[in-house]
Amino acid sequence: MSLASFRRLSLPLIAGIGLAASAQLAAAETETLKFGIISTEASQNLAPLWDPFLADMSEQIGMEVEPFFATDYAAVIQAMRFDQIDLAWYGNKSAMEAVDRADGEIFAQTVAANGAPGYWSLMITHKDSDIESVDDVLANASELVFGNGDPNSTSGYLVPGYYVFAKNGVDASSAFKRTLNSSHETNALAVANQQVDVATFNTEGMERLEVTAPDKAEQLRVIWKSPLIPSDPLVWRGDLDDATKEKLREFFLNYGDDAEEQQILEPLQWSGFDASDNDQLLPIRQLALFKERSEVAKDESLDEGDRETRLAEIDSQLDDLDARMKEVQAAEAMPEDAATNAG
């Protein structure tokens with residue numbers, strides 16, 4: 001994988017009958033796959049986009065696929081944690097939570113229809129606003145209503161939380177006159193309708209809004225754009241049976257090869273899927289730790305000894321992530337035949 005390509009061993013008759021019955025029950029339990037979908041916008045808007053894809057998936061893998069929508073990202077993470085869903089489409093931050101707290105495993109990532117290697121977080125204001133830059137936002141925060149993202153959103157929360165706020169020594173939760181946490185779509189529409197002064201958003205959401213509500217998109221001004229964020233991951237439960245994992249891998253990594261499948265993917269703004277694994281999260285983990293380090297460094301409630309201990313722990317974790325990142329990059333740079341021989 002790159003950062004678009006990172007990647008994942010004779011009983012008595014009655015006992016035999018019992019084992020057979022257990023196997024049949026397990027097979028029956030996996031005949032329906034539950035697919036979690038994060039709430040980038042209202043479920044009534046997401047369902048029509050996803051239904052054709054999930055129907056195709058059901059037909060091709062020979063299993064019923066049932067969508068799971070929720071009002072926030074945390075509910076999809078919790079659903080995986082308690083085995084209420086089998087796989088899910090997440091952003092990188094929510095995927096990190098699913099991997100760490102719900103035994104999730106990344107197995108694929110989306111490929112953008114426009115060929116972009118990922119997407120970008122945005123800060124937006126109304127086109128008629130006097131706020132034209134991040135400096136303006138920070139200087140006037142106490143007078144502004146801020147539309148922040150879902151706390152488990154990469155582009156709506158984590159990325160701007162670090163680059164816009166932590167790096168400038170600003171606590172977004174207390175700096176503004178009022179802060180609201182909402183989906184990408186809700187934030188964008190609130191800015192367009194002048195209900196909030198500034199909000200987080202992302203380039204994928206902007207592209208979709210330009211199609212679904214071009215009049216609202218025209219009301220927005222982008223005042224900040226983040227560094228590149230890796231494409232969204234697909235995550236399955238780690239304890240999903242191997243046969244089902246293989247079906248899913250085969251489906252995702254080959255989907256989008258013909259015009260009909262491309263037409264189904266188009267509303268989702270994808271052209272297909274690449275293989276991936278948990279190493280995709282390395283830069284996201286670094287970003288989360290950088291943000292935490294900034295917060296610990298300025299936390300006046302900690303005494304000096306506790307602060308230094310915590311900072312040393314974070315630095316050690318960052319060193320470990322950096323070492324792993326270098327290993328992955330070295331493996332990627334290795335010629336394919338050399339990598340095969342090394343393995």
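1. Helices α4 and α5. In this predicted model, helix α4 (residues 73-81) and helix α5 (residues 92-102) have axes that come within 9 Å and cross at roughly 30°. That makes α4 roughly parallel to α5 (angles under 35 degrees count as roughly parallel, over 145 as roughly antiparallel, 65 to 115 as roughly perpendicular and the rest as oblique). Axes are lines fitted to C-alpha atoms, for helices over the stretch in contact, and angles run from 0 to 180 degrees between N-to-C directions. Helices (H or I, at least four residues) and strands (E, at least two) are DSSP runs, numbered from the N terminus. The crossing of α4 and α5 is right-handed, a term for the near helix being turned clockwise from the far one by less than a right angle, anticlockwise being left-handed.

2. Residues between α4 and α5. On the α4 side the contact (heavy atoms within 4.5 Å) involves Tyr73, Ile77, Gln78, Met80 and Arg81, which meet Ser94, Glu97, Ala98, Arg101 and Ala102 of α5. The residues of this contact of α4 with α5 divide into 5 nonpolar, 2 polar and 3 charged. Here Ala, Val, Leu, Ile, Met, Phe, Trp, Tyr, Cys and Pro count as nonpolar, Asp, Glu, Lys and Arg as charged, and the others, Gly among them, as polar.

3. Basis of the model. Residues are numbered from 1 along each chain as its sequence is written, and side-chain values use heavy atoms, with hydrogens and water left out. As this is a predicted model, local features need pLDDT of at least 70 and side-chain atom pairs count only at pLDDT 80 or more, while totals for chains, interfaces and linings use all residues.

4. Helices α3 and α12. Helix α3 (residues 43-61) packs against helix α12 (residues 242-254) at an angle of about 125°, the axes being 10 Å apart. That makes α3 oblique to α12. The crossing of α3 past α12 is right-handed. From α3, Phe53, Asp56, Met57, Gln60 and Ile61 make the contact with Lys247, Leu248, Phe251 and Phe252 of α12. The residues of the contact of α3 with α12 divide into 6 nonpolar, 1 polar and 2 charged.

5. Salt bridges around Arg237. A salt bridge is a side-chain nitrogen of Lys or Arg within 4 Å of a carboxyl oxygen of Asp or Glu; by this rule the count comes to 17 salt bridges. Asp86 forms one with Arg237, the closest N and O atoms being 2.8 Å apart. The pair links distant parts of the chain, with Asp86 in the loop between α4 and β3 (87-89) and Arg237 in strand β12 (residues 233-237), 151 residues apart. Asp86 counts as buried at 9% relative accessibility, and Arg237 counts as buried at 11% (buried means under 20% relative accessible area, exposed over 50%, partly exposed in between, with a 1.4 Å probe and protein chains only). Arg237 also meets Asp239 in a salt bridge (2.3 Å, N to O); Asp239 is partly exposed at 48%. Asp83, Asp86, Arg237 and Asp239 are linked in a network of salt bridges.

6. Arg285 and Asp100. The side chains of Arg285 and Asp100 meet in a salt bridge (2.8 Å, N to O). Arg285 lies in helix α14 (residues 282-297) and Asp100 in helix α5, 185 residues apart, and the pair links distant parts of the chain. Asp100 is partly exposed, with a relative accessible area of 48%.

7. Positive phi. Most residues other than glycine have a negative phi. Asp103, not a glycine, has a positive phi of about 55°. Asp103 lies in the loop between α5 and β4 (104-112) and is partly exposed at 48% relative accessibility. Gln269, not a glycine, has a positive phi of about 65° and lies in the loop between α13 (259-265) and β13 (270-275).
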